[in-house]
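Let's work through some exercises together. Look over the sequence and the model, try each task yourself, and then follow the solution step by step.

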Amino acid sequence: MAMMKAVQVKAPGADFELVQKEIPEPKSNEVLIKVEACGVCHGDVLTREGRYPGITYPRTPGHEVVGIIEKLGSSVAGWNVGQRVGVGWHGGHCFQCSACRRGDYWACENSLTTGLSADGGYAEHMVARSEVLAVIPKELGSVEAAPIICAGRTTFGALKGCGAKGGDLVAIHGFGGLGHLAVQYATKLGFRTVVLSRGKDKEALARKLGAQDYIDTTTADVVKELKARGGAQAILCTAPSGKGISEVLGGLKGGGQALVITAPSGPIVIPPFVLLGGGRGIRGWVGGSVDEALEFSTFAKVTPMVEVFPLEKAVEAFERMMSAKVHFRAVLRMT
Ligand SMILES: [Zn+2]
Ligand SMILES: [Zn+2]
């Protein structure tokens, strides 16, 4: 029996453990992938803590996967052994429910989630459904492509869907794994981009990545500062703090919207005038096309900044991500 190394969680709340297990066999509609890199995303905390309906254990997390197809299931068409592919959060859809019949596969009522309803990419090999595979452009290395598959597609998708047009003021709240990509996408999409982040440490880098402006949320009155600039057409909320998000919403201009793409700790408090005084909105965002994000990142030269860890150091990589110490995305590279 061919074996592989994988990191798994044995039960809700248990630590990650490195195990030897059998290399899985792809079912008819799946491919077997030799994993080259897997990003470490805040969403992996759901695997660790069991906060996902119906999750069973043991479970291997990881939904920013890049690897090489090494085996095809019997009914897989359109993919070849040796092709380099990506697998993200969305792990499969049914093609039969009403959302699927509308073409909204991300909203499938029977959707699978990589690393939660099926094993993910913290492993040397994994199986994935063929309908969710993305092609990795040859210009991108596997390590740099991995964060684009979740962090990239979420921020890029949200910015494309936020209603702002070229020249509009867009605020990126938070400058970490999501935020440092969002700044690059926002400026490449032609938005006047302002970063809202704690302290002054990150200002130089934010400006280097294209931000025209930077507001230190620990010292400035952010709402006043944004209003002085005409108000933000969109605020992309990437910092996982309900209180932090609540404090910036008043900086939206009339008709503007805040998009929450992170799971914040604590509730978000919305001052009524934010909604009533000018048709502003606040919404969550989980969508976005992995293929589009990969293509745009290649063409516009948007590059994640990563710290690379071997699979054996998954615990350290996860802890650096959770404590927001990582600059700016942790990626596991399989050897
Ligand atoms: Zn993710
Ligand atoms: Zn469906």
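**Exercise 1: a pair of strands**

In which sense do strand 1 and strand 2 pair, and over how many bridges?

*Solution.* Start with the ground rules. This is a predicted model, in which local features need pLDDT of at least 70 and side-chain atom pairs count only at pLDDT 80 or more, while totals for chains, interfaces and linings use all residues. Residues are numbered from 1 along each chain as its sequence is written, chains are lettered from A and ligands numbered from 1 in the order in which they are written, and side-chain values use heavy atoms, leaving out hydrogens and water.

Step 1: Find the elements. Helices (H or I, at least four residues) and strands (E, at least two) are DSSP runs, numbered from the N terminus. Strand 1 covers residues 3-9 and strand 2 covers residues 16-22.

Step 2: Check the pairing. Two strands pair if DSSP finds at least two bridges between them; here there are seven, in the antiparallel sense. Valine 9, for example, stands opposite phenylalanine 16.

Step 3: Look at the turn. The two strands, strand 1 and strand 2, form a hairpin with six residues between them, and glycine 13 in that turn has a positive phi of about 85°.

**Exercise 2: the zinc ion**

Which protein residues are donors of the zinc ion (ligand 1)?

*Solution.* Step 1: Apply the cut-off. Donors are N, O and S atoms within 2.8 Å of the metal (3.2 Å for Na, K and Ca); water is not among the atoms, so sites may look incomplete.

Step 1: Read off the donors. Cys41 (SG), His63 (NE2) and Cys150 (SG) lie 2.0 to 2.1 Å from the zinc ion.

Step 2: The spacing of the donor residues is C-x21-H-x86-C. Cysteine 41 sits in the loop between strand 3 (30-40) and helix 1 (45-49), and histidine 63, 22 residues apart from it, in the loop between helix 1 and strand 4 (65-72), so this pair links distant parts of the chain.

Step 3: Ask about burial. Buried means under 20% relative accessible area, exposed over 50%, and partly exposed in between (1.4 Å probe, protein chains only). Cysteine 41 and histidine 63 are buried, and cysteine 150 counts as buried because its relative accessibility is 8%.

**Exercise 3: the open sheet**

In what order do the six strands of the open sheet lie?

*Solution.* Step 1: The order is 12-11-10-13-14-15, with parallel pairing.

Step 1: Find the edges. Strand 12 (213-216) and strand 15 (281-284) each pair on one side only.

Step 2: Zoom in on one pair. Strand 10 (residues 169-173) and strand 13 (residues 232-237) are joined by four bridges, and valine 170 has alanine 234 as its bridge partner.

Step 3: See what lies across. Helix 3 (residues 142-160) lies across strand 10, strand 13 and strand 14 (252-260), at about 160° to strand 13. Axes are lines fitted to C-alpha atoms, for helices over the stretch in contact (heavy atoms within 4.5 Å), and angles run from 0 to 180 degrees between N-to-C directions.

**Exercise 4: cores and a buried helix**

How many residues does the largest nonpolar core have?

*Solution.* Step 1: Define it. A nonpolar core is a set of buried Ala, Val, Leu, Ile, Met, Phe, Trp, Tyr and Cys residues joined through side-chain atoms within 4.5 Å.

Step 1: Count. The largest has 44 residues, and Tyr185 is among those with the most contacts inside it. Helix 3 gives the most to this core, with nine residues. A second, separate core has 30 residues, including Val35 and Ala317.

Step 2: Why is helix 4 described as largely enclosed by the rest of the structure? Because nine of its 10 residues are buried. Helix 3, strand 11 (192-197) and helix 5 (203-208) are among the elements covering the buried residues of helix 4.

Step 3: Pick one residue. Leucine 181 lies in helix 4 and counts as buried because its relative accessibility is 0%. Leaving out residues up to four places away in sequence, leucine 181 touches Pro147, Ala151, Gly152, Thr155, Val302, Thr303 and Pro304.
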